[in-house]
Amino acid sequence: MLHHTLIIIILILQILTYKEIKLLQVVRKMSEDIVYDVVIVGAAAAGLTSAIYTSRQMMKTLVIGKDLGGQSLLTNDIQNYPGFEKVDGFSLISKFETQARSFNAEIVYDEVLNILVEENKFIIKTTSKLYKCLTVILAFGKTPRDMGALGENEYKGRGLSYCATCDGPLYRRKTVAVVGATEHAVDAAAMLSDIAEKVYMISNRDKPFGDKDMLSLLASKKNVIFIPNSIVKQVNGDLAVKSVRIANSKSGSEELISVDGVFVEMGYIAKTDIIKDIVDLNSRKEIIVDRECQTSHKGIFAAGDVTDLQFKQIVISAGQGAVAALSAYNYLQKLKGQSTIKGDWKTKKPSLHTTSK
Ligand SMILES: Cc1cc2nc3c(=O)[nH]c(=O)nc-3n(C[C@H](O)[C@H](O)[C@H](O)COP(=O)(O)OP(=O)(O)OC[C@H]3O[C@@H](n4cnc5c(N)ncnc54)[C@H](O)[C@@H]3O)c2cc1C
């Protein structure tokens with residue numbers, strides 16, 4: 001009896017497994033067969049605005065972002081976005097997202113690792129999938145600069161953070177280090193001094209730089225200790241950060257400082273290595289675009305902080321996002337021998353996309 005029951009259970013398990021494998025194969029094939037009209041890399045001001053515009057033009061649109069909101073999430077006090085006297089980054093970006101989704105843009109959380117050119121298509125490789133598309137909009141902004149210290153990658157998210165505004169509140173009455181000495185670092189140290197017991201500010205400069213008022217506020221903080229001419233060589237700990245080894249760049253002497261958290265606040269850079277062999281970059285590694293947000297590679301457009309436009313602001317990223325989207329649309333129209341547009345005047349929402357194959 002027991003023997004029979006066992007055989008039945010094994011048979012049921014086998015059928016289930018077979019069904020699951022079949023389902024997986026179908027799902028995998030579906031994602032391989034879809035060719036998006038546009039894949040937008042970056043889900044923040046530039047990328048989400050692009051998505052609003054491309055999906056309104058009935059382009060099958062996929063947005064891939066490591067997070068939703070990018071740098072805008074780092075501020076609770078935006079005072080220069082038209083239409084809002086004052087708004088926090090999260091609320092503003094949530095509106096962008098809702099609007100993009102309302103026009104059927106798809107949004108996935110993933111990291112783009114590579115972009116390959118295949119005849120007249122592009123293959124976007126993420127950590128989990130491959131996506132095919134006819135045009136690409138690069139809107140992946142700027143990312144915090146790394147320290148380049150030993151243990152930096154190991155302790156990311158385990159006591160090492162690149163955002164004092166986001167993670168600072170976790171360090172109430174603890175000891176933290178802020179690495180850097182320019183505007184971002186000064187703001188971070190001043191903010192953390194109200195939360196943490198002690199704040200070390202470590203920099204290879206001899207004094208902090210930035211806004212005069214912020215510098216005098218920082219000088220008034222008794223629990224902020226500035227360590228000049230020093231770099232962090234190593235971050236140490238067990239499950240979480242416990243200390244940093246710093247080296248004096250003048251004397252070469254080294255010191256171990258006990259800390260519970262490290263905030264790397266060394267500014268932002270364009271991490272464009274993933275596309276450096278495909279599109280032209282300037283000396284700051286920003287993507288060079290023309291007035292239509294076209295890059296040096298046909299079919300690839302770029303918008304926002306990742307481009308070589310001098311001013312880095314949310315409204316500018318959004319504006320460029322719209323330009324890149326309409327340019328991508330016109331590019332596809334020209335390929336199909338159809339008419340192009342000069343603006344987006346539609347008042348009706350599109351209902352369904354046509355999928356390119
Ligand atoms: C502290 C702070 C305060 C600011 N205050 C203001 C302000 O008050 N007003 C104002 O106008 N501007 C302000 N700015 C500037 C503003 O935030 C930026 O100009 C704007 O956010 C840029 O938008 P973006 O979409 O171009 O790029 P980002 O905001 O940098 O977003 C890039 C997106 O790309 C994603 N990404 C990156 N790499 C990859 C990858 N490989 N794969 C997938 N996704 C990727 C990121 O996760 C993110 O979603 C501030 C910036 C900071 C740091």
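Student: Which residues of helix 3 are buried?

Tutor: Gly-89, Leu-92, Ile-93, Phe-96, Glu-97 and Ala-100 are the buried residues of helix 3. They lie on the same side of the helix, because they cover an arc of only 140° around the axis. Keep in mind that this is a predicted model.

Student: Why would residues spaced like that point the same way?

Tutor: An α-helix has 3.6 residues a turn, so residues three or four places apart point the same way.

Student: OK, and what is exposed on the other side of helix 3?

Tutor: Ser-91, Thr-98 and Ser-102 are exposed there.

Student: What do the buried residues of helix 3 pack against?

Tutor: Their packing partners are helix 2 (45–56), strand 2 (61–65) and strand 3 (106–109).

Student: How far apart are the end C-alpha atoms of helix 3?

Tutor: They are 20 Å apart.

Student: What comes just after helix 3?

Tutor: Asn-104 does, with a positive phi of about 80°.

Student: Back to Glu-97. Why does it count as buried?

Tutor: Glu-97 has 21 C-beta neighbours inside 10 Å, so it counts as buried, since the cut-off is 20 or more.

Student: Which residues does Glu-97 touch?

Tutor: Leaving out residues up to four places away in sequence, Glu-97 touches Leu-48, Leu-68 and Ile-107. Take Ile-107: it is 10 residues from Glu-97 in sequence, and the two C-alpha atoms are 8.7 Å apart in space.

Student: Let's zoom out. How many helices and strands does the chain have?

Tutor: It has seven helices and 17 strands. The chain has 357 residues, of which 38% count as buried. Among contacts with a separation of 6 or more, 59% are between residues 24 or more positions apart.

Student: There's a ligand too. How many residues surround it?

Tutor: The ligand is surrounded by 32 residues, the closest being Gly-42, Ala-44, Gly-70, Gly-141 and Gly-304. By class, that shell has 13 nonpolar, 13 polar and six charged residues.

Student: Which elements each supply at least two residues of the shell?

Tutor: Helix 2, strand 2 and helix 7 (314–335) each do.

Student: How many bridges pair strand 10 with strand 11?

Tutor: Four bridges, in the parallel sense, with strand 10 covering residues 198–202. Met-201 is placed opposite Phe-226 of strand 11.

Student: And what sits in the loop between strand 11 and strand 12?

Tutor: Asn-229 is found in that loop, and strand 12 covers 230–237. Asn-229 is not a glycine, yet its phi is positive, about 50°. It has 14 C-beta neighbours inside 10 Å, so it counts as partly exposed.

Student: Which way do strand 12 and strand 13 pair, parallel or antiparallel?

Tutor: They pair in the antiparallel sense over seven bridges, with strand 13 at residues 241–248. Ser-230 stands opposite Asn-248. Three residues link the two strands in a hairpin.

Student: What about strand 13 and strand 14: how many bridges there?

Tutor: Five, again in the antiparallel sense, and strand 14 covers residues 254–258. Ala-247 stands opposite Glu-254 in strand 14. The hairpin of these strands has five residues between them, and Gly-252 in it takes a positive phi near 85°.

Student: Last one. Where is Glu-119?

Tutor: Glu-119 is in the loop between strand 4 (112–118) and strand 5 (121–126). Those strands run antiparallel and are joined by six bridges, and Val-112 has Thr-126 in strand 5 as its bridge partner. They form a hairpin with two residues between them, and Glu-119 in the turn has a positive phi of about 45°.

Student: Is Glu-119 buried or exposed?

Tutor: Exposed, because Glu-119 has 5 C-beta neighbours inside 10 Å.

Methods
Residues numbered from 1 in each chain as written. Predicted model: local features only at pLDDT ≥ 70, side-chain atom pairs only at ≥ 80, totals over all residues. Expected span 1.5 Å × (residues − 1). Buried ≥ 20, exposed ≤ 12 C-beta atoms within 10 Å, placed from the backbone. Arc of directions from axis to C-beta. Contact = placed C-beta atoms within 7 Å. Near = placed C-beta within 6 Å. Nonpolar A, V, L, I, M, F, W, Y, C, P; charged D, E, K, R; others polar. Pairing = 2+ DSSP bridges.
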